[in-house]
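Where do the two parts of a chain meet, and what holds the reader's eye there? This report takes up that topic.

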Amino acid sequence: MSERILMKGNEAIAEAAVRGGCRYFFGYPITPQNEIPEYMAKRLPEVGGAFIQAESEVAAINMVYGAAGAGGRAMTSSSSPGISLKQEGISYIAGAELPCVIVNMVRSGPGLGGIQPSQGDYFQSVKGGGHGDYRMLVYGPSSIQEAVNIIYKAFDKADEYRIPVMILGDGVLGQMMEPVALPDAIDVSALPKKEWATDGTKSGAERRIINSLYIEADVLEGMNNKFKALYEKLKAETAHETYLADDAEIILTAFGITARIAKSAVDLLREQCVKAGLIRPITLYPFPSDVYAKYAAKKNVKKFVTLELNLGQMVEDVRLAVNGKKPVEFYGRSGGNIMTPEEVVREILKRI
Amino acid sequence: MTEKIIIAGFGGQGVLSLGQFLAYSAMYENKEVTWLPSYGPEMRGGTANCSLVISDKAVASPLIETPDCLIALNKPSLDKFINNVKVGGTVIINSSIIKEKIERTDVNAIYLEANEIAQKAGSVKAANVVVLGAYVAASKLFPKESVKGTIAKIFKKKPNVIPMNLEAFELGYAAI
């Protein structure tokens, strides 16, 4: 780790990706993530990598598909409408068992929506935004340092599971500046060889094919079951944080930037002698269901309140995890508006 | 210690960079800080603002509802945020541009002719650094010399502008 420097979220994420071994970036501009491709355009040639501004989002994700298939550490980033356009390619990448990293700096929707922050793409990210039965490893970092640490390891995780990894941020995370310590760059030449990669005929290896087409139902079901086992194994990556939750009577729960607002609200509520706590999922898929189940079973916990910058998406996963043991309520803002800690406090006081 | 600051003005007045000066100053003083710009379909001459939270511990929310300090560089920004400032908070007003006095009596109002003072230092463009000096003097949040060191670091690629900015900082500091 180096000395702390002040960096914008988008730039810090791009630099940490390069240090984590990213060598191929394919993108198409959209606010509020433009600093990522801008940074990569300058930075990747310095480390012998390649940056391409594609002619569209669809082209960009298919370039990721190609580069990942050839064994490269490939990445793309976009924001909500752009990520929607990439969904077909993401499904193909998942189906072809390829590793890649995708950053979504979410803006408000639906449609072209607005350019202000939102968490409206939760469902799209964790339930499979493209077609077919696939999942991604999805992270919802709530600070720039956490986003840096996650993307630095994301390429390793993608390679280990041969799965697309998504970092679900938002406009605040991308545009904000915070002090950050960047990890040292890895040595990409020391990475293990990918025995499945279609990296040309020079190695004299047997013919390799990367594909997601399985016409025979039994063969495809075999693949589906293989994915099922993989997603089961992926549960080892589940991560969360709790804050003052152990004696809490009311548990706030939120991810990403909203979790920071919730944390402030917990402090303010504690000052008013309200026993509030926080559960913050760090991985959104796999979802830390066991943690919710554990707290739902505790006598001191009266209710859960899910806070999101959307009309209520993660709250469904919280309800599944709490499984009717305690009430699960919801408070959200949308359209690009962001709740303040004081607003959350007012909302919680109404509910106790 | 947690200090919440909103800085607002016209695009081009150095609102965002004033915020960055403070963010760097905080970081070099080993404090935690978040700098959050307003972003949107902004244009030259439109309004811009940024929110800074400076703290001894990890900053929870980067968003500010009730700032401890408002730095208003133009009238629309003052009007937009003045009622949010917490009771007993500080409002620094660029009186080169804002001619009215504020009605609130429960905040500490500081009127600063930032443009004229910056002109004395050499350029009206340094008005934001004048305000920085005034803020550092008023808030006593950072040692003066540390912030001067920060200014020199930030402009290290343009060393010819450092003396003028240090002068602007000193004049702003002395105005309090």
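## Basis

This is a predicted model, in which local features need pLDDT of at least 70, side-chain atom pairs count only at pLDDT 80 or more, and totals for chains, interfaces and linings use all residues. Residues are numbered from 1 along each chain as its sequence is written, chains are lettered from A and ligands numbered from 1 in the order in which they are written, and side-chain values use heavy atoms, leaving out hydrogens and water.

## Two domains

Chain A splits into domain 1 (5–236) and domain 2 (239–350). These bounds come from an automatic or database domain assignment. The C-alpha centres of the two domains are 28 Å apart.

## The interface

In domain 1 of chain A, 30 residues are in contact with 24 residues of domain 2 (heavy atoms within 4.5 Å). Together the domains bury about 2,300 Å² (accessible area lost on being put together, 1.4 Å probe, summed over both). Carbon and sulfur atoms give 56% of that area. Gln119(A), Tyr122(A) and Ser142(A) supply 32% of what domain 1 buries against domain 2, more than any other three residues.

## Salt bridges

The rule finds three salt bridges across this interface (a side-chain nitrogen of Lys or Arg within 4 Å of a carboxyl oxygen of Asp or Glu). Glu146(A) also forms a salt bridge with Arg280(A). Their closest N and O atoms are 2.8 Å apart.

Methods:
Buried area is the accessible area (1.4 Å probe) that two parts lose on being put together, summed over both.
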